[in-house]
Amino acid sequence: MPVQKLETTATTEEVKISKTDLNALVMDYLISEGYPSAAQKFASEANIQPTSAVDSIQERVAIREAIYRGDIQSAIERINELNPMLLEKDETLHFALLRLQLVELIRSCGTTSPDDPTPAINFATTELAPRAPTNPQFLEDLERTMTLLIFERKDLPPQIATLLEPKLRKDVAQRVNEALLKEQGERTKAKLFNLVHLRAWSEQKAREAKKDLPEHMGFGLDLMQNGHGKNNHDGMQSNGEAEAMVA
């Protein structure tokens, strides 16, 4: 058994990643996940060319930021400007955006017009109700969302209260980002995610096969867990890129 462990260690240590490949992975991540300023800076420092126009990244970032702040109408308008056929072709994505817009209207009840649900009801009637019968999931999502109008905020069932959490905005923003990338002929997920998933899957299979592995096998990303990682993130925040387009 000790021999097997030595062989495993030797094999992993012999694997060398070229700087070119590593730079390409980082650039792919920055572009896919929406860090235009960081992508420009990294391209300059690494002396490489971005694989797509930084302008297209910024357009996706603007859409993401509109969704994150709850301005869904602005996001829809930007999507239509960038790709007029996307929402027409992807009815599921269009419905998700409209449903999120309904959630934001319900959220605003009691602020812009105290306790007046009329704008939300009118929007649901004109925009979502005609689409709901075409898909059972649409109907279920609409019914769940309208439940927000029945209860006081403090009395909402947990499964309904989650609709008002930031996660719904993030999920929709991620779906929009992936759809736009697909329409642009780009990868919908950064290659780095696939490598991490493959690495985790390989380790799981090796442990299930009772291979002699170290108790903990790090990813070699220790810098991201100390001051260096924090400083890099702060730098992205100062460039208006506080959060990448991840789920």
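This is a predicted model: local features need pLDDT of at least 70, side-chain atom pairs count only at pLDDT 80 or more; totals for chains, interfaces and linings use all residues.
The residues of α9 that are buried are Phe138, Asp141, Leu142 and Thr145. Viewed along the axis of α9, these buried residues fall within an arc of 100°, so they line one face of the helix. An α-helix has 3.6 residues a turn, so residues three or four places apart point the same way. Leu139, also located in helix α9, is partly exposed, with a relative accessible area of 38%. The C-alpha atom of Leu139 is separated by 8.8 Å from that of Leu128, the two residues being eleven apart along the chain. At the start of α9, a side-chain oxygen of Asn135 comes to within 2.8 Å of the backbone nitrogen of Gln137.

A search of the whole structure for aromatic pairs returns one. The pair consists of Phe95 and Phe138 in a stacked arrangement, with 4.2 Å centre to centre and 5° between the planes. It links distant parts of the chain, since Phe95 belongs to helix α7 (residues 91-108) and Phe138 to helix α9 (residues 136-146), 43 residues apart. The relative accessibility of Phe95 is 2%, and this residue therefore counts as buried. Phe138 has a relative accessible area of 5% and is buried because this value falls under 20%.

Beyond the helix, Thr147 is found in the loop between α9 and α10 (158-161). Thr147 has a relative accessible area of 18% and is therefore buried, the limit being 20%. When residues up to four places away in sequence are not counted, Thr147 touches Leu156 and Ile160.

The largest nonpolar core contains 36 residues, of which Ile67, Leu97, Leu102, Leu148 and Val176 touch the most other members. At least two residues of this core are supplied by each of α4 (54-68), α5 (72-82), α6 (86-89), α7, α8, α9 and α11 (166-183). Helix α7 provides the largest share of the core, namely eight residues. Val176 touches Ile63, Ile67, Ile79, Leu93 and Leu97, with residues up to four places away in sequence not counted. In soluble globular proteins, nonpolar side chains tend to be buried together.

At the level of the whole protein, the secondary structure comes to 13 helices and zero strands. Read from the N terminus, the order of elements is α-α-α-α-α-α-α-α-α-α-α-α-α. Of the 247 residues in the protein, 34% are buried. Among contacts between residues at least 6 apart in sequence, 60% join residues at least 24 apart. The protein exposes about 15,200 Å², and carbon and sulfur atoms supply 55% of this area.

Conventions: Residues are numbered from 1 along each chain as its sequence is written. Side-chain values use heavy atoms; hydrogens and water are left out. Rings of Phe, Tyr and Trp (its six-membered ring) pair if their centres lie within 6.5 Å; planes under 30 degrees apart count as stacked, over 60 as edge-to-face and the rest as tilted. Helices (H or I, at least four residues) and strands (E, at least two) are DSSP runs, numbered from the N terminus. Buried means under 20% relative accessible area, exposed over 50%, partly exposed in between (1.4 Å probe, protein chains only). The arc is that of the directions from the helix axis to the C-beta atoms. A polar contact is a pair of N or O atoms within 3.5 Å; within protein, one must be able to donate a hydrogen and the other to accept it, and residues adjacent in sequence count only if both atoms are side-chain atoms. Contact means heavy atoms within 4.5 Å. A nonpolar core is a set of buried Ala, Val, Leu, Ile, Met, Phe, Trp, Tyr and Cys residues joined through side-chain atoms within 4.5 Å. Accessible areas come from the Shrake-Rupley method with a 1.4 Å probe; for residues, only the protein chains shown count as cover.
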